[in-house]
Amino acid sequence: MSSHGHGVRRRREYPYALFLIPGALAFLAVIVVPFLMNTGISLTHWQGVGSPQWAGLDNYRDLLDDSAFWESFRHSLAMVVAMAVIPTALGLVLAAALFDYIAQHIGTRTASVLRACFYLPQVLPIAVAGIVWSWILAPENGALNEALDAVGLGSLRHDWLGDPDFALYSVMAVMVWVQLGFPLVIFMAGLQRADPSLHEAAELDGASWWRRFWHVTLPQIRPEITVVLLWCTIAALKVFGAVYVLTKGGPGGATNVPSYFSFQSFFEKTQVGYGSAVSTALTVIILALALVALRLQTRAEDQQ
Amino acid sequence: MVLPFLVVVLNAVKSPAEYSANGPLSLPEGMHLDGLRDFWERVDFGRKLVNSVLISGSVAVLAAVLSVLNAYAIGIGRIKGRPWVLAFFVLANMLPQEALVYPVYYLSKQAGLYDTRLSVIIVFTVIQSAFGTYLLSSVLGAFPKEVIEAARIDGANKWQVLWRVVVPVSRPTIGVLLVFFFIWTWNEFLLPLVMLISNDNQTVSVALGVLQGQRLMDATMTNAAALLGVLPAFCFFLIFQRTLTRGIAMGAVK
(Lines give C-alpha, C1' and ligand atoms only; values in the text may rest on other atoms or scores of the structure.)
Protein backbone atom coordinates (compact mmCIF):
# COMPACT_ATOMS: atom_id res chain seq x y z
CA MET A 1 0.00 0.00 0.00
CA SER A 2 0.96 3.63 -0.19
CA SER A 3 2.04 3.52 3.45
CA HIS A 4 5.59 2.84 2.26
CA GLY A 5 5.98 6.54 1.67
CA HIS A 6 5.69 7.08 5.40
CA GLY A 7 8.29 4.47 6.28
CA VAL A 8 10.48 7.10 7.83
CA ARG A 9 8.43 7.14 11.00
CA ARG A 10 8.01 3.35 11.13
CA ARG A 11 11.47 2.40 12.19
CA ARG A 12 11.02 -0.96 13.91
CA GLU A 13 8.65 -3.43 12.25
CA TYR A 14 8.16 -6.52 14.35
CA PRO A 15 5.88 -9.38 13.25
CA TYR A 16 2.43 -9.84 14.76
CA ALA A 17 3.52 -13.22 16.12
CA LEU A 18 5.46 -11.36 18.84
CA PHE A 19 2.16 -10.47 20.48
CA LEU A 20 1.57 -14.18 21.06
CA ILE A 21 4.72 -14.67 23.13
CA PRO A 22 3.36 -13.81 26.60
CA GLY A 23 0.30 -15.97 25.98
CA ALA A 24 2.35 -18.83 24.58
CA LEU A 25 4.76 -18.86 27.52
CA ALA A 26 1.95 -18.70 30.05
CA PHE A 27 0.15 -21.56 28.31
CA LEU A 28 3.27 -23.62 28.24
CA ALA A 29 3.75 -23.22 32.00
CA VAL A 30 0.14 -23.61 33.14
CA ILE A 31 -1.50 -25.90 30.59
CA VAL A 32 0.95 -27.78 28.38
CA VAL A 33 3.60 -28.79 30.90
CA PRO A 34 1.11 -29.83 33.63
CA PHE A 35 -0.98 -31.74 31.10
CA LEU A 36 2.06 -33.64 29.78
CA MET A 37 3.17 -34.28 33.37
CA ASN A 38 -0.27 -35.65 34.18
CA THR A 39 -0.08 -38.01 31.21
CA GLY A 40 3.42 -39.04 32.27
CA ILE A 41 2.35 -39.65 35.87
CA SER A 42 -0.51 -41.84 34.62
CA LEU A 43 2.14 -44.28 33.38
CA THR A 44 3.65 -44.67 36.86
CA HIS A 45 2.81 -45.89 40.33
CA TRP A 46 3.25 -42.91 42.59
CA GLN A 47 2.02 -41.89 46.03
CA GLY A 48 2.90 -38.23 45.51
CA VAL A 49 6.06 -38.57 47.60
CA GLY A 50 9.26 -40.43 46.77
CA SER A 51 10.11 -41.29 43.20
CA PRO A 52 7.46 -42.60 40.79
CA GLN A 53 7.79 -46.22 39.65
CA TRP A 54 7.36 -46.84 35.93
CA ALA A 55 4.20 -48.86 35.37
CA GLY A 56 3.54 -48.64 31.65
CA LEU A 57 -0.15 -49.14 30.99
CA ASP A 58 -0.84 -50.88 34.33
CA ASN A 59 -3.05 -48.08 35.63
CA TYR A 60 -5.16 -48.13 32.48
CA ARG A 61 -5.51 -51.93 32.69
CA ASP A 62 -6.58 -51.61 36.33
CA LEU A 63 -9.06 -48.97 35.29
CA LEU A 64 -10.76 -51.33 32.85
CA ASP A 65 -11.25 -53.87 35.65
CA ASP A 66 -12.30 -51.35 38.29
CA SER A 67 -16.04 -51.60 38.82
CA ALA A 68 -16.01 -48.39 40.89
CA PHE A 69 -14.58 -46.51 37.89
CA TRP A 70 -17.18 -47.94 35.52
CA GLU A 71 -19.91 -47.06 37.94
CA SER A 72 -18.64 -43.48 38.14
CA PHE A 73 -18.64 -43.43 34.37
CA ARG A 74 -22.25 -44.61 34.23
CA HIS A 75 -23.12 -41.74 36.56
CA SER A 76 -21.47 -39.45 34.01
CA LEU A 77 -24.06 -40.60 31.50
CA ALA A 78 -26.78 -39.81 34.04
CA MET A 79 -25.25 -36.33 34.33
CA VAL A 80 -25.34 -35.96 30.55
CA VAL A 81 -29.08 -36.68 30.71
CA ALA A 82 -29.52 -34.21 33.58
CA MET A 83 -27.26 -31.45 32.29
CA ALA A 84 -27.58 -31.73 28.50
CA VAL A 85 -30.59 -33.75 27.32
CA ILE A 86 -33.26 -32.57 29.75
CA PRO A 87 -32.19 -28.88 29.85
CA THR A 88 -32.03 -28.78 26.05
CA ALA A 89 -35.50 -30.29 25.66
CA LEU A 90 -37.04 -28.22 28.44
CA GLY A 91 -35.13 -25.15 27.31
CA LEU A 92 -36.58 -25.45 23.81
CA VAL A 93 -40.15 -25.63 25.03
CA LEU A 94 -39.61 -22.81 27.53
CA ALA A 95 -37.81 -20.59 25.03
CA ALA A 96 -40.57 -21.09 22.48
CA ALA A 97 -43.25 -20.45 25.10
CA LEU A 98 -41.53 -17.29 26.36
CA PHE A 99 -40.87 -16.05 22.85
CA ASP A 100 -44.15 -16.92 21.11
CA TYR A 101 -46.57 -16.64 23.94
CA ILE A 102 -45.42 -14.59 26.91
CA ALA A 103 -43.55 -11.96 24.87
CA GLN A 104 -46.47 -11.57 22.43
CA HIS A 105 -49.41 -11.70 24.79
CA ILE A 106 -48.08 -10.47 28.11
CA GLY A 107 -45.06 -8.38 27.25
CA THR A 108 -41.38 -8.60 26.37
CA ARG A 109 -40.47 -7.27 29.82
CA THR A 110 -42.14 -10.21 31.56
CA ALA A 111 -40.41 -12.58 29.15
CA SER A 112 -36.96 -11.16 29.90
CA VAL A 113 -37.58 -11.14 33.66
CA LEU A 114 -38.57 -14.82 33.47
CA ARG A 115 -35.53 -15.57 31.33
CA ALA A 116 -33.36 -13.87 33.96
CA CYS A 117 -34.94 -15.98 36.72
CA PHE A 118 -34.10 -19.16 34.86
CA TYR A 119 -30.57 -17.95 34.24
CA LEU A 120 -29.86 -16.95 37.83
CA PRO A 121 -28.63 -20.38 39.02
CA GLN A 122 -25.97 -20.24 36.30
CA VAL A 123 -24.18 -17.29 37.89
CA LEU A 124 -24.27 -18.78 41.37
CA PRO A 125 -21.16 -20.49 42.76
CA ILE A 126 -21.93 -24.19 42.66
CA ALA A 127 -20.88 -24.38 46.32
CA VAL A 128 -23.75 -22.05 47.20
CA ALA A 129 -26.25 -23.95 45.07
CA GLY A 130 -25.01 -27.07 46.86
CA ILE A 131 -25.63 -25.55 50.30
CA VAL A 132 -29.12 -24.44 49.35
CA TRP A 133 -30.08 -27.82 47.94
CA SER A 134 -28.51 -30.04 50.54
CA TRP A 135 -30.55 -28.16 53.13
CA ILE A 136 -33.75 -28.40 51.05
CA LEU A 137 -33.18 -32.13 50.56
CA ALA A 138 -32.07 -32.84 54.13
CA PRO A 139 -33.83 -35.79 55.82
CA GLU A 140 -34.68 -34.00 59.10
CA ASN A 141 -36.22 -30.55 58.86
CA GLY A 142 -35.38 -30.27 55.16
CA ALA A 143 -37.67 -27.93 53.28
CA LEU A 144 -38.81 -30.56 50.78
CA ASN A 145 -39.80 -33.12 53.40
CA GLU A 146 -41.52 -30.46 55.47
CA ALA A 147 -43.39 -29.26 52.40
CA LEU A 148 -44.53 -32.84 51.69
CA ASP A 149 -45.79 -33.10 55.26
CA ALA A 150 -47.59 -29.81 54.97
CA VAL A 151 -49.60 -30.92 51.94
CA GLY A 152 -50.38 -34.30 53.44
CA LEU A 153 -47.88 -36.31 51.41
CA GLY A 154 -45.70 -37.11 54.41
CA SER A 155 -45.48 -40.73 53.28
CA LEU A 156 -43.21 -39.56 50.43
CA ARG A 157 -40.54 -38.28 52.84
CA HIS A 158 -37.06 -39.47 51.96
CA ASP A 159 -33.45 -39.02 52.81
CA TRP A 160 -33.04 -37.61 49.30
CA LEU A 161 -29.27 -37.40 49.25
CA GLY A 162 -28.49 -40.11 51.77
CA ASP A 163 -30.44 -43.00 50.29
CA PRO A 164 -28.41 -44.84 47.62
CA ASP A 165 -31.59 -45.47 45.61
CA PHE A 166 -32.47 -41.78 45.45
CA ALA A 167 -29.18 -39.86 45.69
CA LEU A 168 -28.33 -39.95 41.99
CA TYR A 169 -31.80 -38.77 40.97
CA SER A 170 -31.67 -35.99 43.55
CA VAL A 171 -28.31 -34.77 42.24
CA MET A 172 -29.66 -34.99 38.68
CA ALA A 173 -32.69 -32.88 39.62
CA VAL A 174 -30.43 -30.22 41.15
CA MET A 175 -28.29 -30.18 38.02
CA VAL A 176 -31.33 -29.65 35.79
CA TRP A 177 -32.15 -26.63 37.94
CA VAL A 178 -28.57 -25.34 37.68
CA GLN A 179 -28.24 -25.89 33.95
CA LEU A 180 -31.60 -24.95 32.44
CA GLY A 181 -30.88 -21.22 32.03
CA PHE A 182 -28.02 -21.72 29.60
CA PRO A 183 -29.94 -23.38 26.74
CA LEU A 184 -32.88 -21.09 27.41
CA VAL A 185 -30.85 -17.93 26.84
CA ILE A 186 -29.09 -19.32 23.76
CA PHE A 187 -32.36 -20.51 22.20
CA MET A 188 -34.09 -17.21 22.85
CA ALA A 189 -31.21 -15.41 21.14
CA GLY A 190 -31.56 -17.85 18.24
CA LEU A 191 -35.28 -17.24 17.96
CA GLN A 192 -34.67 -13.51 17.77
CA ARG A 193 -32.52 -14.14 14.73
CA ALA A 194 -35.18 -16.29 13.06
CA ASP A 195 -37.64 -14.92 10.53
CA PRO A 196 -41.03 -14.17 12.16
CA SER A 197 -42.97 -14.23 8.88
CA LEU A 198 -42.72 -18.02 8.61
CA HIS A 199 -44.32 -18.35 11.97
CA GLU A 200 -47.10 -15.92 11.14
CA ALA A 201 -47.78 -17.71 7.85
CA ALA A 202 -48.09 -21.03 9.67
CA GLU A 203 -50.41 -19.45 12.20
CA LEU A 204 -52.64 -18.07 9.44
CA ASP A 205 -52.75 -21.54 7.90
CA GLY A 206 -54.21 -22.72 11.17
CA ALA A 207 -51.23 -24.76 12.38
CA SER A 208 -51.44 -25.56 16.09
CA TRP A 209 -48.79 -24.28 18.50
CA TRP A 210 -47.12 -27.70 18.66
CA ARG A 211 -47.06 -28.06 14.90
CA ARG A 212 -45.50 -24.62 14.53
CA PHE A 213 -43.00 -25.51 17.24
CA TRP A 214 -41.97 -28.70 15.43
CA HIS A 215 -42.01 -27.51 11.86
CA VAL A 216 -41.05 -23.85 12.12
CA THR A 217 -39.24 -23.09 15.36
CA LEU A 218 -37.08 -26.20 15.70
CA PRO A 219 -35.56 -26.22 12.20
CA GLN A 220 -34.67 -22.55 12.52
CA ILE A 221 -32.51 -22.98 15.58
CA ARG A 222 -31.02 -26.36 14.77
CA PRO A 223 -27.42 -25.03 14.85
CA GLU A 224 -27.96 -23.66 18.36
CA ILE A 225 -29.44 -26.98 19.51
CA THR A 226 -26.43 -28.95 18.32
CA VAL A 227 -23.95 -26.58 19.90
CA VAL A 228 -25.81 -26.39 23.20
CA LEU A 229 -26.13 -30.19 23.42
CA LEU A 230 -22.42 -30.68 22.87
CA TRP A 231 -21.20 -27.93 25.20
CA CYS A 232 -23.59 -29.11 27.93
CA THR A 233 -22.43 -32.69 27.48
CA ILE A 234 -18.86 -31.57 28.01
CA ALA A 235 -19.89 -29.61 31.12
CA ALA A 236 -21.69 -32.72 32.39
CA LEU A 237 -18.59 -34.88 31.99
CA LYS A 238 -16.56 -32.32 33.97
CA VAL A 239 -19.00 -31.92 36.86
CA PHE A 240 -17.14 -31.83 40.18
CA GLY A 241 -18.21 -29.09 42.59
CA ALA A 242 -21.84 -30.16 42.79
CA VAL A 243 -20.90 -33.72 43.68
CA TYR A 244 -18.34 -32.55 46.22
CA VAL A 245 -20.77 -30.28 48.00
CA LEU A 246 -23.96 -32.35 47.76
CA THR A 247 -22.85 -35.92 48.38
CA LYS A 248 -19.05 -36.33 48.22
CA GLY A 249 -19.75 -39.12 45.75
CA GLY A 250 -21.76 -41.08 48.29
CA PRO A 251 -23.62 -42.82 49.73
CA GLY A 252 -21.34 -45.75 48.94
CA GLY A 253 -20.28 -44.36 45.57
CA ALA A 254 -23.88 -43.95 44.42
CA THR A 255 -23.18 -40.49 42.98
CA ASN A 256 -19.47 -40.73 42.21
CA VAL A 257 -18.34 -39.30 38.88
CA PRO A 258 -14.93 -39.63 37.13
CA SER A 259 -13.74 -36.14 38.08
CA TYR A 260 -14.52 -36.73 41.75
CA PHE A 261 -13.07 -40.23 41.46
CA SER A 262 -9.75 -38.80 40.24
CA PHE A 263 -9.81 -36.13 42.98
CA GLN A 264 -10.24 -38.90 45.58
CA SER A 265 -7.37 -40.87 44.08
CA PHE A 266 -5.09 -37.80 44.16
CA PHE A 267 -5.82 -36.32 47.53
CA GLU A 268 -7.58 -38.92 49.68
CA LYS A 269 -6.12 -42.25 48.63
CA THR A 270 -2.77 -40.81 47.44
CA GLN A 271 -2.88 -43.04 44.36
CA VAL A 272 -1.57 -40.26 42.16
CA GLY A 273 -0.68 -42.45 39.18
CA TYR A 274 -4.12 -44.02 39.15
CA GLY A 275 -5.88 -40.66 39.52
CA SER A 276 -3.84 -39.33 36.60
CA ALA A 277 -4.95 -42.26 34.46
CA VAL A 278 -8.59 -41.51 35.28
CA SER A 279 -8.22 -37.82 34.45
CA THR A 280 -6.28 -38.58 31.26
CA ALA A 281 -9.01 -40.95 30.09
CA LEU A 282 -11.62 -38.31 30.87
CA THR A 283 -9.60 -35.70 28.98
CA VAL A 284 -9.40 -37.86 25.85
CA ILE A 285 -13.19 -38.26 25.81
CA ILE A 286 -13.82 -34.55 26.41
CA LEU A 287 -11.31 -33.36 23.82
CA ALA A 288 -12.79 -35.74 21.24
CA LEU A 289 -16.25 -34.29 21.90
CA ALA A 290 -14.88 -30.74 21.84
CA LEU A 291 -13.37 -31.38 18.40
CA VAL A 292 -16.73 -32.63 17.11
CA ALA A 293 -18.41 -29.56 18.64
CA LEU A 294 -15.95 -27.19 16.97
CA ARG A 295 -16.43 -28.94 13.63
CA LEU A 296 -20.21 -28.64 13.82
CA GLN A 297 -19.99 -25.06 15.01
CA THR A 298 -17.81 -23.91 12.12
CA ARG A 299 -20.08 -25.76 9.70
CA ALA A 300 -23.15 -24.08 11.21
CA GLU A 301 -21.46 -20.68 10.85
CA ASP A 302 -20.62 -21.34 7.23
CA GLN A 303 -24.24 -22.13 6.49
CA GLN A 304 -25.51 -18.92 8.01
CA MET B 1 -36.29 -21.40 39.90
CA VAL B 2 -36.22 -18.55 42.36
CA LEU B 3 -38.24 -20.38 44.99
CA PRO B 4 -35.22 -22.00 46.67
CA PHE B 5 -33.70 -18.53 47.19
CA LEU B 6 -36.87 -17.18 48.72
CA VAL B 7 -37.02 -20.09 51.17
CA VAL B 8 -33.39 -19.45 52.05
CA VAL B 9 -34.02 -15.77 52.76
CA LEU B 10 -37.00 -16.67 54.95
CA ASN B 11 -34.96 -19.04 57.05
CA ALA B 12 -31.76 -17.05 57.25
CA VAL B 13 -33.49 -14.53 59.51
CA LYS B 14 -35.09 -17.03 61.92
CA SER B 15 -33.71 -17.96 65.29
CA PRO B 16 -32.81 -21.65 65.79
CA ALA B 17 -35.65 -21.99 68.32
CA GLU B 18 -38.14 -20.55 65.90
CA TYR B 19 -36.85 -22.82 63.16
CA SER B 20 -37.23 -25.98 65.20
CA ALA B 21 -40.66 -24.92 66.47
CA ASN B 22 -42.23 -23.85 63.18
CA GLY B 23 -40.12 -25.60 60.56
CA PRO B 24 -38.66 -24.20 57.35
CA LEU B 25 -41.90 -23.11 55.68
CA SER B 26 -43.31 -20.69 58.23
CA LEU B 27 -42.88 -16.95 57.85
CA PRO B 28 -40.26 -15.52 60.20
CA GLU B 29 -41.69 -13.79 63.27
CA GLY B 30 -39.09 -11.06 63.20
CA MET B 31 -35.64 -10.24 61.98
CA HIS B 32 -33.14 -12.41 63.79
CA LEU B 33 -29.71 -11.63 62.44
CA ASP B 34 -27.59 -13.59 64.93
CA GLY B 35 -27.26 -16.52 62.53
CA LEU B 36 -25.84 -14.24 59.88
CA ARG B 37 -23.53 -12.55 62.35
CA ASP B 38 -22.34 -15.85 63.86
CA PHE B 39 -21.62 -17.28 60.47
CA TRP B 40 -19.84 -14.12 59.31
CA GLU B 41 -17.54 -14.19 62.32
CA ARG B 42 -17.05 -17.92 62.34
CA VAL B 43 -15.71 -18.11 58.81
CA ASP B 44 -14.23 -14.59 58.77
CA PHE B 45 -16.46 -13.92 55.78
CA GLY B 46 -15.14 -10.40 55.19
CA ARG B 47 -11.71 -11.84 54.57
CA LYS B 48 -13.08 -14.42 52.12
CA LEU B 49 -14.87 -11.66 50.24
CA VAL B 50 -11.65 -9.66 49.98
CA ASN B 51 -9.82 -12.77 48.71
CA SER B 52 -12.51 -13.50 46.14
CA VAL B 53 -12.61 -9.91 44.89
CA LEU B 54 -8.83 -9.72 44.73
CA ILE B 55 -8.42 -13.03 42.89
CA SER B 56 -11.37 -12.61 40.52
CA GLY B 57 -10.55 -8.96 39.79
CA SER B 58 -6.89 -9.63 39.04
CA VAL B 59 -7.76 -12.61 36.86
CA ALA B 60 -10.38 -10.64 34.93
CA VAL B 61 -7.97 -7.81 34.11
CA LEU B 62 -4.90 -9.95 33.41
CA ALA B 63 -6.83 -12.51 31.35
CA ALA B 64 -8.42 -9.72 29.31
CA VAL B 65 -4.98 -8.25 28.56
CA LEU B 66 -3.62 -11.65 27.57
CA SER B 67 -6.69 -12.35 25.40
CA VAL B 68 -6.29 -9.01 23.64
CA LEU B 69 -2.62 -9.67 22.86
CA ASN B 70 -3.34 -13.18 21.56
CA ALA B 71 -6.36 -12.13 19.58
CA TYR B 72 -4.49 -9.20 18.02
CA ALA B 73 -1.91 -11.60 16.58
CA ILE B 74 -4.54 -14.13 15.47
CA GLY B 75 -7.49 -11.97 14.39
CA ILE B 76 -5.76 -8.92 12.91
CA GLY B 77 -2.21 -10.14 12.36
CA ARG B 78 -3.62 -13.31 10.72
CA ILE B 79 -0.44 -15.14 11.66
CA LYS B 80 0.42 -18.41 9.94
CA GLY B 81 -1.27 -21.57 11.22
CA ARG B 82 -4.01 -19.43 12.73
CA PRO B 83 -6.74 -22.16 12.78
CA TRP B 84 -4.36 -24.45 14.66
CA VAL B 85 -3.39 -21.82 17.17
CA LEU B 86 -7.07 -21.07 17.73
CA ALA B 87 -7.96 -24.76 18.06
CA PHE B 88 -5.20 -25.09 20.64
CA PHE B 89 -6.65 -22.29 22.76
CA VAL B 90 -10.16 -23.74 22.61
CA LEU B 91 -8.98 -27.19 23.58
CA ALA B 92 -6.97 -25.72 26.45
CA ASN B 93 -10.19 -24.16 27.66
CA MET B 94 -12.11 -27.43 27.37
CA LEU B 95 -9.51 -29.46 29.25
CA PRO B 96 -10.91 -30.84 32.49
CA GLN B 97 -9.06 -29.23 35.39
CA GLU B 98 -8.58 -32.67 36.90
CA ALA B 99 -5.94 -33.28 34.21
CA LEU B 100 -3.94 -30.29 35.44
CA VAL B 101 -4.64 -30.19 39.14
CA TYR B 102 -2.01 -32.55 40.50
CA PRO B 103 0.94 -31.21 38.47
CA VAL B 104 -0.16 -27.64 39.23
CA TYR B 105 -0.33 -28.53 42.93
CA TYR B 106 3.06 -30.21 42.78
CA LEU B 107 4.78 -27.51 40.72
CA SER B 108 3.42 -24.70 42.86
CA LYS B 109 4.76 -26.46 45.95
CA GLN B 110 8.17 -26.66 44.27
CA ALA B 111 8.00 -22.99 43.33
CA GLY B 112 6.92 -21.90 46.82
CA LEU B 113 3.59 -20.67 45.48
CA TYR B 114 1.37 -23.28 47.12
CA ASP B 115 -1.41 -21.81 49.25
CA THR B 116 -0.92 -18.34 47.83
CA ARG B 117 -3.59 -16.30 46.07
CA LEU B 118 -1.00 -15.54 43.39
CA SER B 119 -0.88 -19.20 42.30
CA VAL B 120 -4.64 -19.25 41.69
CA ILE B 121 -4.48 -15.90 39.89
CA ILE B 122 -1.80 -17.18 37.51
CA VAL B 123 -3.62 -20.42 36.69
CA PHE B 124 -7.01 -18.84 36.09
CA THR B 125 -5.56 -15.96 34.07
CA VAL B 126 -4.33 -18.54 31.60
CA ILE B 127 -7.46 -20.73 31.65
CA GLN B 128 -9.85 -17.79 31.19
CA SER B 129 -7.73 -16.15 28.51
CA ALA B 130 -8.14 -19.30 26.42
CA PHE B 131 -11.82 -18.53 26.05
CA GLY B 132 -11.12 -14.82 25.64
CA THR B 133 -8.66 -15.49 22.85
CA TYR B 134 -11.18 -17.65 21.05
CA LEU B 135 -14.00 -15.11 21.29
CA LEU B 136 -11.94 -11.97 20.63
CA SER B 137 -10.08 -13.51 17.68
CA SER B 138 -13.30 -14.00 15.77
CA VAL B 139 -14.49 -10.50 16.68
CA LEU B 140 -11.17 -8.94 15.61
CA GLY B 141 -11.13 -11.10 12.47
CA ALA B 142 -14.02 -8.94 11.26
CA PHE B 143 -12.34 -5.67 12.28
CA PRO B 144 -12.51 -3.10 9.43
CA LYS B 145 -9.10 -3.13 7.74
CA GLU B 146 -9.37 0.45 6.51
CA VAL B 147 -9.33 1.72 10.08
CA ILE B 148 -6.09 -0.07 10.84
CA GLU B 149 -4.49 0.98 7.57
CA ALA B 150 -5.46 4.59 8.16
CA ALA B 151 -3.77 4.52 11.56
CA ARG B 152 -0.67 2.91 10.06
CA ILE B 153 -0.50 5.59 7.38
CA ASP B 154 -0.58 8.15 10.15
CA GLY B 155 2.58 6.55 11.44
CA ALA B 156 1.32 4.42 14.32
CA ASN B 157 3.25 1.22 14.95
CA LYS B 158 1.51 -2.10 15.76
CA TRP B 159 1.64 -1.53 19.48
CA GLN B 160 0.06 1.91 19.14
CA VAL B 161 -2.60 0.61 16.74
CA LEU B 162 -3.52 -2.06 19.29
CA TRP B 163 -3.99 0.30 22.24
CA ARG B 164 -5.29 3.40 20.46
CA VAL B 165 -7.50 1.85 17.81
CA VAL B 166 -8.31 -1.82 18.34
CA VAL B 167 -8.88 -1.82 22.10
CA PRO B 168 -11.11 1.28 22.21
CA VAL B 169 -13.24 0.00 19.32
CA SER B 170 -13.56 -3.50 20.88
CA ARG B 171 -14.51 -2.14 24.28
CA PRO B 172 -17.98 -3.78 24.36
CA THR B 173 -16.57 -7.28 23.78
CA ILE B 174 -13.77 -6.71 26.25
CA GLY B 175 -16.37 -5.58 28.79
CA VAL B 176 -18.29 -8.83 28.34
CA LEU B 177 -15.07 -10.77 28.84
CA LEU B 178 -14.20 -8.89 32.04
CA VAL B 179 -17.62 -9.67 33.52
CA PHE B 180 -17.47 -13.32 32.56
CA PHE B 181 -13.89 -13.83 33.78
CA PHE B 182 -14.76 -12.22 37.09
CA ILE B 183 -17.85 -14.34 37.71
CA TRP B 184 -16.35 -17.59 36.46
CA THR B 185 -13.30 -17.14 38.64
CA TRP B 186 -15.49 -16.21 41.60
CA ASN B 187 -17.41 -19.49 41.14
CA GLU B 188 -14.42 -21.76 40.56
CA PHE B 189 -14.18 -24.59 43.00
CA LEU B 190 -11.76 -27.45 42.34
CA LEU B 191 -8.45 -25.63 41.87
CA PRO B 192 -9.00 -23.11 44.70
CA LEU B 193 -10.08 -26.00 46.93
CA VAL B 194 -6.79 -27.77 46.29
CA MET B 195 -4.53 -24.72 46.20
CA LEU B 196 -5.88 -22.53 49.00
CA ILE B 197 -5.87 -24.61 52.14
CA SER B 198 -5.32 -21.96 54.78
CA ASN B 199 -8.28 -20.02 56.10
CA ASP B 200 -6.63 -16.71 55.32
CA ASN B 201 -6.40 -17.35 51.59
CA GLN B 202 -9.69 -19.11 50.87
CA THR B 203 -12.32 -17.70 48.55
CA VAL B 204 -16.04 -17.46 49.31
CA SER B 205 -16.83 -20.52 47.18
CA VAL B 206 -14.21 -22.71 48.82
CA ALA B 207 -15.06 -21.60 52.35
CA LEU B 208 -18.75 -22.39 51.83
CA GLY B 209 -18.08 -25.66 50.02
CA VAL B 210 -15.69 -26.93 52.67
CA LEU B 211 -18.04 -26.03 55.54
CA GLN B 212 -20.90 -27.74 53.78
CA GLY B 213 -18.74 -30.81 53.18
CA GLN B 214 -18.04 -31.04 56.91
CA ARG B 215 -21.74 -30.70 57.78
CA LEU B 216 -21.02 -28.82 61.00
CA MET B 217 -23.76 -26.29 60.63
CA ASP B 218 -27.29 -26.19 61.98
CA ALA B 219 -30.18 -25.30 59.72
CA THR B 220 -30.29 -21.56 60.42
CA MET B 221 -26.56 -21.22 60.00
CA THR B 222 -26.74 -23.17 56.76
CA ASN B 223 -29.29 -20.67 55.53
CA ALA B 224 -27.21 -17.75 56.71
CA ALA B 225 -24.25 -19.20 54.81
CA ALA B 226 -26.37 -19.72 51.70
CA LEU B 227 -27.74 -16.19 51.88
CA LEU B 228 -24.28 -14.65 52.24
CA GLY B 229 -23.07 -16.78 49.36
CA VAL B 230 -25.99 -15.86 47.13
CA LEU B 231 -25.85 -12.11 47.79
CA PRO B 232 -22.65 -11.24 45.89
CA ALA B 233 -23.68 -13.41 42.94
CA PHE B 234 -27.11 -11.80 42.98
CA CYS B 235 -25.57 -8.32 42.92
CA PHE B 236 -23.36 -9.19 39.92
CA PHE B 237 -26.40 -10.60 38.27
CA LEU B 238 -28.48 -7.47 38.72
CA ILE B 239 -25.66 -5.21 37.60
CA PHE B 240 -24.52 -7.28 34.63
CA GLN B 241 -27.73 -9.00 33.52
CA ARG B 242 -27.62 -7.45 30.07
CA THR B 243 -23.92 -8.09 29.56
CA LEU B 244 -24.37 -11.68 30.66
CA THR B 245 -27.14 -12.55 28.24
CA ARG B 246 -25.35 -10.73 25.43
CA GLY B 247 -22.18 -12.56 26.35
CA ILE B 248 -23.47 -16.11 26.33
CA ALA B 249 -25.26 -15.56 23.05
CA MET B 250 -22.01 -14.21 21.65
CA GLY B 251 -19.98 -17.09 23.03
CA ALA B 252 -22.30 -19.69 21.59
CA VAL B 253 -22.72 -18.29 18.13
CA LYS B 254 -19.16 -17.15 17.49
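Let me begin with a definition: two residues are in contact when heavy atoms of theirs lie within 4.5 Å. What does Ser279(A) touch, leaving aside its neighbours within four places in sequence? The residues are Asn38(A), Ser262(A) and Phe266(A), together with Glu98(B) and Ala99(B).

The model is predicted, and local features need pLDDT of at least 70, side-chain atom pairs count only at pLDDT 80 or more, and totals for chains, interfaces and linings use all residues. Residues are numbered from 1 along each chain as its sequence is written, chains are lettered from A and ligands numbered from 1 in the order in which they are written, and side-chain values use heavy atoms, with hydrogens and water left out.

I turn to chain B. Its secondary structure consists of 13 helices and 0 strands; here helices (H or I, at least four residues) and strands (E, at least two) are DSSP runs, numbered from the N terminus. The C-alpha trace of chain B spans about 75 × 45 × 25 Å along its principal axes. Of its 254 residues, 59% count as buried. By that term I mean under 20% relative accessible area, while exposed means over 50% and partly exposed lies in between (1.4 Å probe, protein chains only). When contacts in chain B between residues at least 6 apart in sequence are considered, 75% of them join residues at least 24 apart.

UniProt, in an unreviewed entry, annotates "transmembrane region" at residues 49-72, 84-106, 118-140, 161-186 and 221-240 of chain B. UniProt positions are given in the numbering used here, feature names are shortened, and annotations may be inferred rather than shown by experiment. In the model, residues 84-106 of chain B are 87% helix and 0% strand, with end C-alpha atoms 30 Å apart. Residues 221-240 of chain B are 100% helix and 0% strand, and there the end C-alpha atoms are 29 Å apart.

For chain A, an unreviewed UniProt entry places "domain: ABC transmembrane type-1" at residues 73-295. That span of chain A is 77% helix and 0% strand, and its end C-alpha atoms lie 25 Å apart.

Ser279(A) sits in helix H14 (residues 272-303) of chain A and, at 0% relative accessibility, counts as buried.

Finally, salt bridges. Side chains of opposite charge can pair when their charged atoms come close. The rule requires a side-chain nitrogen of Lys or Arg within 4 Å of a carboxyl oxygen of Asp or Glu. It gives 4 salt bridges over all chains, but 0 between chain B and chain A.

Let me describe some of them. Arg61(A) pairs with Asp58(A), the closest N and O atoms being 3.1 Å apart. Both residues lie in helix H2 (residues 58-65) of chain A, 3 residues apart, about one turn of the helix. Arg61(A) is partly exposed at 49% relative accessibility, and Asp58(A) is partly exposed at 29%. Asp149(A) pairs with Arg157(A), with closest N and O atoms 2.4 Å apart. Asp149(A) is partly exposed at 36%, as is Arg157(A) at 28%.

Is Arg212(A) buried or exposed? Arg212(A) is buried, because its relative accessible area is 10%. Its salt-bridge partner is Glu203(A), at 3.7 Å from N to O, and Glu203(A) is partly exposed at 46% relative accessibility.
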